[in-house]
Amino acid sequence: MIIIGERVNATRKSIRAAIEAHDAPAIRNEITGQADAGADYIDLNAGTGSGDVEQEKRDLCWLVDIALDCTEKKLVLDAAETEVIAHAARHLNNRREWMLNSVNAESEPDLAAGLAVAAEFKVPVIALAMDQTGIPDNSPKRIEICGRIHAAALEKGLAEDQLFFDPLVLPISADVSQGNVTFETLAGIMKKFPHAHTTMGLSNVSHGLKKRIKVNSAFLLLSIANGLDSAICDPIKPDIMQAILLGELLTGKDRYCRRFTRALRKGVFDN
Amino acid sequence: MDKEQYLEEIKRNVVLGHADKEDEGFDGDMEGTPGVSELVQEALDNGVEAKLILERMSSGMETVGGKFESGEYLIPDMLAAAECVGAATEILEPHLLKEGVERKGRFVMATVEGDLHDIGKNIVITMLKGDGYEVRDLGVGVDAADIVTAVKESGAQYLGLSALLTTTMVHMKDVLDLLEKEGLRDKVKVLIGGAPTSEEFAKKIGADAHCRDAFEAVHVLRDFSAKAA
Ligand code: B12
């Protein structure tokens, strides 16, 4: 399981405040905490919602510098605008392995621009299963969109195993069929593109419900059973790490149950 | 590395279940470093006797047994270690023959009639092979006549019977009765095991030993050969 730590995201109030106050120690804590908890990649998102793209570019570079300084983990450059990612990518200049988050098929020029950045730096890219019509409510359409992104990416010179498809999930509270739509999309992507990866955020699924962490982690477990091999999540939450460990254990991805038993010894399952 | 260093390194890798360089080992930090298979080959190439390697691996399994009994190791950890030894034994086999080392003994093993459980039996087999025994596995659901025929044909010194069901453990008695009838009872030591069996049950049906687990089997066999010597 490739774990992408999601905590350094300016949509979170504490992170936005830390970015605005240039509170580097706060950011550093968030990064090293996730690294210690088992994250493979650290996601960095500086979109405070101010609408000031130039500010976001500076902020993302600031986050990159802190990460380079305090962790050895790979990074994820995460922004809504490709130009923000491209700017931070040039600043980072492949001093660390990284991944681009994200592209989608909403607009062909935007997709091409995002893929071009990934191709230029030879890095993996997260691709969302949505297009100009939004997020389809059924899996065949989502898989079809992934197919379009796949074709465009290969044309730009990316390899299939550099693609991390995000099947997306809509709240189960509004439509109980949405869990299955995501599972079917996952299974479909893995079947059609066996070398590609799949990843996703979990929290949408429980929007509008309670005990959300329980819902999210159960969703993660079922997603792993359907082929999910990466997640954008909070590795500091025991429920999440437990779901990952149990999912890999029960789907035969944990030789001699070793990651599970090591986690037992570390106390991951004590609460 | 000198001879002693090779042997200790092999033992350490057995205990950590580190089969080969692709494997991560018990603590998860050993990928890329040589495991039991590579070390055994290297040790042989450097003139370490196969017999000494086999002995040191057994001593490693002894350590593993202790860790299992204390609860530090779970079944998969024990399996990983046993499989290291199993794989290494295959590498050692031709060398042992060349050195003229006899296998410790011949073993016939079966799950009795009507019973299809074989996970425990297979663990015992892996462990025994690792400890230097030659094992013939008859599989599951084997009736008394077939078991006795196999004992007769192979001239095995040891017979292992496994049963996991209260309804099938009674067939262990059938096997012992038939051995008696065929005049083989004093030619073969009979070990029994499986969750519903017990010391008392072994006594009642006239088996030579009951074993709670694979490690006890290894110990019991050691006692037998000590007494025989
Ligand atoms: C896995 C399992 C199965 C699997 C077996 C798969 C397989 N390939 O073996 C399947 C699903 C097929 C199965 C089927 C059944 N099972 Co079942 N099964 C189990 C279970 C969960 C685990 C057994 C196991 O593998 N343990 C792990 C191994 C490592 O331990 P072990 O076998 O005890 O072996 C160790 C020692 O005992 C010893 N040992 C064992 N044999 C020997 C032999 C020698 C010579 C030596 C020295 C040592 C030794 O060393 C081993 C290693 O340390 C047990 C529950 C339990 N707690 O045991 C039930 C259990 C044994 N099964 C049970 C039942 C009832 C059945 C079924 C009748 C169910 C059904 N209604 O269909 C069927 C019967 C099928 C048949 N005809 O055999 C009951 C038996 C109850 C009873 N009083 O008899 C149990 C206890 C479950 C329960 N609590 O009800 N089962």
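## Ligand shell

Helix H5 (119-130), strand E3 (158-162), strand E4 (189-193) and helix H9 (214-228), all of chain B, each contribute at least two residues to the shell around the ligand. Among these elements, H5(B) provides the largest share of the shell, with 4 residues. The model described here is predicted.

In total, 26 residues surround the ligand, and the closest are B:Leu116, B:His117, B:Asp118, B:Ser162 and B:Thr166. Sorted by class, the shell comprises 14 nonpolar, 8 polar and 4 charged residues.

The cobalt atom of the ligand has a single donor from the protein: NE2 of B:His117, at a distance of 2.3 Å. In chain B, this histidine is located in the loop between strand E1 (106-111) and H5. B:His117 is also listed among the closest residues to the ligand.

A polar backbone atom of B:Asp118 is 2.7 Å from an oxygen atom of the ligand. For B:Thr166, a backbone N or O atom lies 2.8 Å from a ligand oxygen atom. At B:Ala214, the distance between a polar backbone atom and an oxygen atom of the ligand is 3.4 Å.

## Interface between chain A and chain B

Chain A contributes 9 residues to the contact, and chain B contributes 15 residues. Of the area that chain A buries against chain B, 60% is supplied by A:Tyr256, A:Arg258 and A:Arg265, more than by any other three residues. The size of an interface is often expressed as the accessible area lost when the parts come together. Here, chain A and chain B bury about 970 Å² between them, with 44% of it on carbon and sulfur atoms.

The rule finds 3 salt bridges across the interface of chain A and chain B. In one salt bridge, the side chains of A:Arg258 and B:Asp23 meet with an N to O distance of 2.8 Å. The side of chain A that touches chain B consists of 3 nonpolar, 1 polar and 5 charged residues. Between chain A and chain B, 8 residue pairs are in polar contact, both residues being at pLDDT 80 or more.

## Salt bridges in the whole structure

Over all chains, a search of the whole structure finds 28 salt bridges. In chain A, A:Arg12 forms a salt bridge with A:Glu30, their closest N and O atoms being 3.7 Å apart. This pair links distant parts of the chain, 18 residues apart: A:Glu30 belongs to helix H2 (residues 24-37) of chain A, whereas A:Arg12 is in the loop between strand E1 (2-5) and helix H1 (13-20) of chain A.

## Backbone geometry in chain A

Most residues other than glycine have a negative phi, and most peptide bonds are trans.

A:Ser102 is part of strand E4 (residues 98-105) of chain A. The position of A:Asn94 is in the loop between helix H4 (82-92) and E4 of chain A.

Terms used. Residues numbered from 1 in each chain as written. Chains lettered and ligands numbered in written order. Predicted model: local features only at pLDDT ≥ 70, side-chain atom pairs only at ≥ 80, totals over all residues. Heavy atoms only, no water. Near = heavy atom within 4 Å. Polar contact = N/O pair within 3.5 Å; in protein donor to acceptor, adjacent residues only side chain to side chain. Nonpolar A, V, L, I, M, F, W, Y, C, P; charged D, E, K, R; others polar. Contact = heavy atoms within 4.5 Å. Buried area = accessible area lost by both parts, 1.4 Å probe. Salt bridge = Lys/Arg side-chain N within 4 Å of Asp/Glu carboxyl O. Donors = N, O, S within 2.8 Å, 3.2 Å for Na, K, Ca; no water.
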